[in-house]
Amino acid sequence: MIAFLGQGRMGVPMARRLEAAGRKVTTWRRGTETPVAQAVEGASVVITMLRDGPAVLEVLEAALPGLRPDATVIEMSTIGPPAVTRVRELLPSSVGLVDAPVLGSVGPATDGTLTVLAGGAVAPVRELLSVFGTVRECGPLGSGAALKLAVMSAFLPAQVLVAESLAYGEAHGVSREAVLDVLAGTPLGGLSERLRDPGTETRFALGLAAKDLELAAWEGGTLATAARLRLRAAEAAGLGDRDVTVIAEHVGAGRPSRVTPVNPSTVPATNGMYSHAVRTGDTLYISGQAAFDDEGNVVAPGDMGAQAEHVFACLERILADQGAGFGDIAFIRSYLTDMSQAPAYREVRKRYITGTPPASTSVEVSRLFMPGLVLEVDAIVALPG
């Protein structure tokens, strides 16, 4: 039996491919009443197809009580090599792990023509993976995840480049059609045709494309970093659920904003009235972070130490999203409802901020905007060049 964890645009057709091949499949997705541990009981193979690394780790941790000791987990999400390592550390040593992200969108997932980039001990599951398309064995565990991001680091910036070319042409009196017609005769021809008529059907969501480039960010990846900022700006403009080709409509639509919102998926979402942070140039302004969980509830009401842990964990994820760390904080400001609890706050803070102290202000306030909150922290960050 195969347990398929996570459906969505790609997961549904992939699970159906398995069923059409005669495999017995149980599916699980968020929002169902069935616990994930129950969904994996008895499964010899568990496939994960989820949004990102934190989601994969969360779901697999919940699955552990029901996971067979001799099961094999096939991780098919795009999560990057470090997250694959964390998955390996989470799973019992007796459980096998293969990382096998895919190239292709909904159409190839339906037709069974995806390219599967598989890392690790692939041989025992190669026949199963071939149900989805062509299997390419990449090497040791994590190499499939690395190859996927390497490909996306070229493919996605190239789409942004074409979109910028169209915007430049229009700004100088050259029609989009003229630019695309000329590009059709170049090595960029196939890619350009994808942007000629951005599809109304979402094959590959722009928000997921932005997430992939975040994972692929590295110090020397200048083009990928620039493309990521373009995609994040388009996502902030409400285009995250549209197909990535909509970037051709977004680029050049009015004066580009000098401010890019930053709202990582690893941090509980805001209420929509503000962004967790905004980036302008090489400066990041982080909004006041308070201790809220994913449902908007206050974490550990009244407990300064617990709320400080939550706040600094959120700050760490926001910084990491922009390739920064606590050593890059130039200024930090803390709002406490009771200064007598400052020692508990300082104990947490000094474990995170260990280098040269930033400029800092601490203020006692009579109350914060939700009952039970005792701490809020904002910051200004000098981003790495």
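Colleague: Which residue of strand 14 does Ile329 stand opposite?

Modeller: In this predicted model, Ile329 stands opposite Val381 of strand 14.

Colleague: Let us turn to a helix. Which residues of helix 4 are buried?

Modeller: The buried residues of helix 4 are Ala83, Val84 and Val87. They cover an arc of only 105 degrees around the axis, and therefore lie on the same side of helix 4.

Colleague: What do these buried residues pack against, and which exposed residues does the face turned away from them carry?

Modeller: The buried residues of helix 4 pack against helix 3, strand 5 (96–99) and helix 7 (143–171). On the face turned away from the buried side, the exposed residues are Pro82 and Glu89.

Colleague: How far apart are Phe312 and Gln289, in sequence and in space?

Modeller: The two are 23 residues apart in sequence, while their C-alpha atoms are 8.3 Å apart in space.

Colleague: What should I note about the phi angle of Ala300?

Modeller: The general idea is that most residues other than glycine have a negative phi. Ala300 has a phi near 45 degrees, a positive value in a residue other than glycine. Ala300 is placed in the loop between strand 11 and helix 13. With a relative accessibility of 27%, Ala300 counts as partly exposed.

Colleague: Next, the spaces within the model. What is the volume of the second largest pocket, and which residues are closest to its centre?

Modeller: The second largest pocket has a volume of about 990 Å³. It is lined by 33 residues, of which Glu214, Ala217, Ala320, Asp321 and Gly323 are the closest to its centre. The elements that each give two or more residues to this lining are helix 3 (53–63), helix 4 (81–90), helix 10 (206–216), helix 11 (222–239) and helix 13 (304–321).

Colleague: Which element gives the most to that lining, and how do the lining residues divide by class?

Modeller: Helix 13 gives the most, with 5 residues. By class, the lining of the second largest pocket divides into 13 nonpolar, 10 polar and 10 charged residues.

Colleague: Asp321 was named in that lining. What does Asp321 touch?

Modeller: Asp321 lies in helix 13 and is buried, with a relative accessible area of 10%. Not counting residues up to four places away in sequence, Asp321 touches Glu214, Arg228, Arg232, Val262 and Pro264.

Colleague: Where is Arg232 found, and which residues is it in contact with?

Modeller: Arg232 is found in helix 11 and counts as buried, at 6% relative accessibility. Leaving aside neighbours within four places in sequence, Arg232 is in contact with Ala210, Glu214, Thr260, Pro261, Val262, Asn263, Pro264 and Asp321.

Colleague: How many cavities of 30 Å³ or more are there, and which residues line the largest cavity?

Modeller: The count comes to 1 cavity of 30 Å³ or more, and about 30 Å³ of space lies in the largest cavity. Its lining is made of Arg228, Leu229, Arg232, Thr260, Pro261, Val262 and Gln322. Helix 11 and strand 9 (260–262) are the elements that give two or more residues to this lining. By class, the lining of the largest cavity has 3 nonpolar, 2 polar and 2 charged residues.

Conventions:
Residues are numbered from 1 along each chain as its sequence is written. This is a predicted model: local features need pLDDT of at least 70, side-chain atom pairs count only at pLDDT 80 or more; totals for chains, interfaces and linings use all residues. Side-chain values use heavy atoms; hydrogens and water are left out. On a 1 Å grid over the protein atoms alone, a cavity is a set of points where a 1.4 Å probe fits but cannot get out, and a pocket is an open set with protein on both sides within 12 Å along at least five of seven lines; lining residues have an atom within 4 Å of a point. Grid points are joined across faces, edges and corners, and a volume is the space filled by probe spheres set on the points. Helices (H or I, at least four residues) and strands (E, at least two) are DSSP runs, numbered from the N terminus. Ala, Val, Leu, Ile, Met, Phe, Trp, Tyr, Cys and Pro count as nonpolar, Asp, Glu, Lys and Arg as charged, and the others, Gly among them, as polar. Buried means under 20% relative accessible area, exposed over 50%, partly exposed in between (1.4 Å probe, protein chains only). Contact means heavy atoms within 4.5 Å. The arc is that of the directions from the helix axis to the C-beta atoms. Two strands pair if DSSP finds at least two bridges between them.
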